[in-house]
Number of protein chains: 2
Amino acid sequence: MKANPHIAIVGATGAVGEEMIKTLERRAFPLRQLTLLASARSAGKQRTYQGHSITLAELTPDSFAGVDIALFSAGGGISRDFAPKAVAQGCVVIDNSSAFRMEDTVPLVIPEINAGDLKGHRGIIANPNCTTAVTLMALYPLHQAFGVTRIFASSYQAVSGTGAKAIDELAHQVRDYTNQTAPKPEVYPHPIAFNVLPHVDVFLDTGYTKEEMKMQNEGRRIMHHPGFRASVTCVRVPVFRAHSVAVSAEFETPVTVKAARDVLAKAPGLDVVDDPTHNSYPMPLQVAEKDNCAVGRLRKDCALENGLCFWVAGDQLLKGAALNAVQIAEELVRLV
Amino acid sequence: MKANPHIAIVGATGAVGEEMIKTLERRAFPLRQLTLLASARSAGKQRTYQGHSITLAELTPDSFAGVDIALFSAGGGISRDFAPKAVAQGCVVIDNSSAFRMEDTVPLVIPEINAGDLKGHRGIIANPNCTTAVTLMALYPLHQAFGVTRIFASSYQAVSGTGAKAIDELAHQVRDYTNQTAPKPEVYPHPIAFNVLPHVDVFLDTGYTKEEMKMQNEGRRIMHHPGFRASVTCVRVPVFRAHSVAVSAEFETPVTVKAARDVLAKAPGLDVVDDPTHNSYPMPLQVAEKDNCAVGRLRKDCALENGLCFWVAGDQLLKGAALNAVQIAEELVRLV
């Protein structure tokens with residue numbers, strides 16, 4: 001990879017695309033050129049990047065000529081259609097959709113955990129599911145130290161994980177409440193304001209949702225741990241930004257809260273926020289717009305032999321999406 | 001107990017007290033007289049009951065003369081002070097606080113589960129914790145059929161569980177958001193609007209909260225199952241009314257989704273709402289102000305050998321508090 005690559009963002013007007021632009025800017029990514037791609041509807045709009053104005057272009061099969069790295073975040077369909085075309089034009093694709101995550105030839109990477117998997121990529125690199133990424137930021141260091149066997153987890157997922165329209169929907173429904181008019185669900189099948197929906201992504205025949213199984217499926221690949229089991233309930237909550245996850249984790253070897261805290265305190269990209277006597281624990285409002293995830297509520301699990309409970313929160317638009325994608329791009333540049 | 005008892009409500013102006021009055025009225029409880037007791041501040045206010053106006057009286061040590069059954073919901077301190085005084089005056093106390101729940105001589109009762117424990121009470125009967133009650137409405141029938149060993153659970157608890165001031169706080173903070181002013185937390189240590197707080201009740205030295213341990217401690221007493229283990233994370237969410245709980249439950253004997261559904265379909269006080277292909281699952285907005293709890297998202301747990309995942313929701317002001325207390329009073333009348 002060139003030291004100063006030409007970067008493209010596919011889905012530049014979406015909730016994640018917007019964060020990708022901001023993250024590249026904030027981290028002063030050493031890019032030579034930035035191309036912003038979107039639907040025909042958004043083409044022609046202007047976006048400022050480091051003081052320069054960039055005109056959004058329409059995504060077409062020819063969009064990737066001269067582009068070194070393309071960050072895709074425009075849904076699985078766009079990724080499946082356009083990522084192979086981009087690769088054929090010599091571009092490396094970092095894909096935020098779930099389209100390629102389970103393909104053996106596609107590295108699925110959280111740089112703090114398995115950056116080594118980037119070697120030998122064949123043009124497409126997958127960015128993990130947001131809830132999985134936030135959870136693994138705390139679980140993987142514990143796995144390295146104590147050997148995780150299985151987890152039981154429940155998520156509290158923000159509407160921005162669904163996209164910009166879902167953010168508007170929550171805001172509108174809250175105004176509807178204030179004005180005492182009935183909420184009109186469009187993005188979600190039921191009102192999300194003052195409600196919780198045990199429904200994220202589509203249902204499988206097993207009764208789990210796809211989202212729920214990503215923790216186990218993607219966790220196995222990222223942690224190189226084919227025996228890892230995860231029973232998860234994914235729930236959408238009326239929070240704008242940042243996902244939280246309650247985890248009961250079982251380990252092969254005994255684990256104490258002190259030993260776990262020592263491990264987590266040294267983990268990259270993670271803050272330990274765990275002082276309950278002073279009402280200090282991770283919360284969505286606190287981690288929103290922060291790069292680091294936060295872990296707290298550490299306690300010995302009372303229903304497992306070698307078990308630990310924890311609560312982890314992270315900005316799923318950042319570590320769960322845009323930040324992780326940009327970190328992968330940084331790794332690629334480092335591999336020059 | 002008399003067939004037409006004189007009933008008193010202690011804490012008649014609170015969120016639960018208000019529901020107790022409505023529940024007695026709605027169920028046409030065969031009461032001879034209703035006395036409404038509150039703090040000095042509320043004494044003198046009027047409340048209509050079945051077309052009759054009742055003047056709220058101040059709670060004093062002499063309030064219970066001639067009262068047959070007193071429903072207490074004014075906090076543990078009031079219960080500890082006044083319940084023994086009421087019993088000394090010949091009154092049976094049904095207490096919604098946690099003050100007496102773990103005392104061996106005090107029955108802790110969910111009528112659908114252990115009404116038999118009411119026999120031999122010594123004047124005080126405890127109403128269980130709201131989250132525990134909602135969870136056990138689905139767990140106990142499964143326990144009878146398959147023998148539960150342990151559960152891993154996470155709650156999504158509504159602000160009305162904290163009381164009337166917390167309802168106001170969420171409403172105010174949402175208006176603050178709409179008006180773009182900073183929220184001012186008073187009831188909770190952090191903003192609750194557009195946030196989630198992994199903090200319900202006080203923290204214990206183990207790192208669990210008291211609320212979290214109620215599931216195991218009260219569950220053991222109510223189910224007569226001293227070996228039951230429950231690892232729980234209790235979380236406050238910006239929902240006005242009705243708690244939800246995600247549960248992974250392990251059983252002694254194999255359990256299928258079909259067998260579980262058959263058991264749950266016959267369980268009293270519980271609706272099976274479980275048709276994910278039509279986006280049908282229990283939600284707080286759906287169970288609010290309903291007597292029955294609702295269970296759904298039934299699936300074979302992928303990280304347990306004999307395991308079942310489910311999602312249960314219930315109006316914690318009703319089954320978790322006022323309804324259960326009134327049902328206990330109904331049982332007492334039945335025991336005439």
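A:Ala242 sits in the loop that runs between S10 and S11 of chain A. Helices (H or I, at least four residues) and strands (E, at least two) are DSSP runs, numbered from the N terminus. This is a predicted model, in which local features need pLDDT of at least 70 and side-chain atom pairs count only at pLDDT 80 or more, while totals for chains, interfaces and linings use all residues. Residues are numbered from 1 along each chain as its sequence is written, chains are lettered from A and ligands numbered from 1 in the order in which they are written, and side-chain values use heavy atoms, with hydrogens and water left out.

**Positive phi in chain A**

The phi angle of A:Ala242 is near 95°, a positive value in a residue other than glycine. Most residues other than glycine have a negative phi. A:Ala242 is buried, with a relative accessible area of 0%; buried means under 20%, exposed over 50%, and partly exposed in between (1.4 Å probe, protein chains only). A:Asp201 also has a positive phi, near 75°, and is not a glycine. A:Asp201 belongs to the loop between H5 and helix H6 (210-223) of chain A, and with a relative accessible area of 29% A:Asp201 is partly exposed.

**The open sheet of chain A**

Six strands of chain A form an open sheet with parallel pairing, in the order S5-S2-S1-S6-S7-S8. Strand S5 (57-58) and strand S8 (124-126) of chain A are at the edges with a single partner strand each, so one side of each has no neighbour in the sheet. Two strands count as paired if DSSP finds at least two bridges between them.

Strand S1 (residues 6-10) of chain A is joined to S6(A) by four bridges and runs parallel to S6(A). On the S2 side, S1(A) pairs in the parallel sense with strand S2 (residues 33-38) of chain A over five bridges. A:Ala8 shows both links: its bridge partner in S6(A) is A:Ala70, and its bridge partner in S2(A) is A:Thr35. S6(A) is in turn paired with strand S7 (residues 92-95) of chain A, again parallel and over four bridges, with A:Ile69 opposite A:Val92 in S7(A).

In a regular strand the side chains alternate between the two faces of the sheet. Strand S6 (residues 69-72) of chain A is covered on both faces, with A:Ile69 and A:Leu71 on one side and A:Ala70 and A:Phe72 on the other, all of them buried.

B:Val10 is in strand S1 (residues 6-10) of chain B and is buried, with a relative accessible area of 1%. Leaving out residues up to four places away in sequence, B:Val10 touches B:Leu37, B:Leu59, B:Phe64, B:Leu71, B:Phe72, B:Ser73, B:Ala74 and B:Ile78, where contact means heavy atoms within 4.5 Å. B:Ala230 is 220 residues from B:Val10 in sequence and 32 Å from B:Val10 in space, C-alpha to C-alpha.

B:Val295 lies in strand S13 (residues 293-300) of chain B and is buried at a relative accessible area of 0%. Residues in contact with B:Val295, not counting those up to four places away in sequence, include B:Ala138, B:Leu264, B:Val273, B:Phe310 and B:Trp311. B:Met283 is 12 residues from B:Val295 along the chain, with 9.5 Å between their C-alpha atoms.

**Symmetry and cavities**

Chain A is superposed on chain B by a rotation of 180° with 0.0 Å of shift along its axis (RMSD 0.0 Å), using least squares on the C-alpha atoms of residues with pLDDT of at least 70 in both. That is the relation of a two-fold axis. The same surface serves both copies, as 100% of the contact residues of chain A recur in chain B.

The whole structure holds two cavities of 30 Å³ or more. A cavity is a set of points on a 1 Å grid over the protein atoms alone where a 1.4 Å probe fits but cannot get out; lining residues have an atom within 4 Å of a point. Grid points are joined across faces, edges and corners, and a volume is the space filled by probe spheres set on the points.

| Cavity | Volume | Lining residues by class |
|---|---|---|
| Largest cavity | About 130 Å³ | 10 nonpolar, eight polar, no charged |
| Second largest cavity | About 40 Å³ | 10 nonpolar, no polar, no charged |

Ala, Val, Leu, Ile, Met, Phe, Trp, Tyr, Cys and Pro count as nonpolar, Asp, Glu, Lys and Arg as charged, and the others, Gly among them, as polar.

Of the 18 residues that line the largest cavity, A:Phe152, A:Ala153, A:Ser154, B:Phe152 and B:Ser154 lie nearest its centre. Strand S9 (148-156), strand S10 (229-233) and strand S11 (243-251) of both chain A and chain B each give two or more residues to this lining.

The lining of the second largest cavity consists of A:Leu170, A:Val174, A:Ala193, A:Phe194, A:Pro238, B:Leu170, B:Val174, B:Ala193, B:Phe194 and B:Pro238. Here the elements that give two or more residues are helix H5 (164-178) of chain A and helix H5 (164-178) of chain B.

How values were computed. On a 1 Å grid over the protein atoms alone, a cavity is a set of points where a 1.4 Å probe fits but cannot get out, and a pocket is an open set with protein on both sides within 12 Å along at least five of seven lines; lining residues have an atom within 4 Å of a point.
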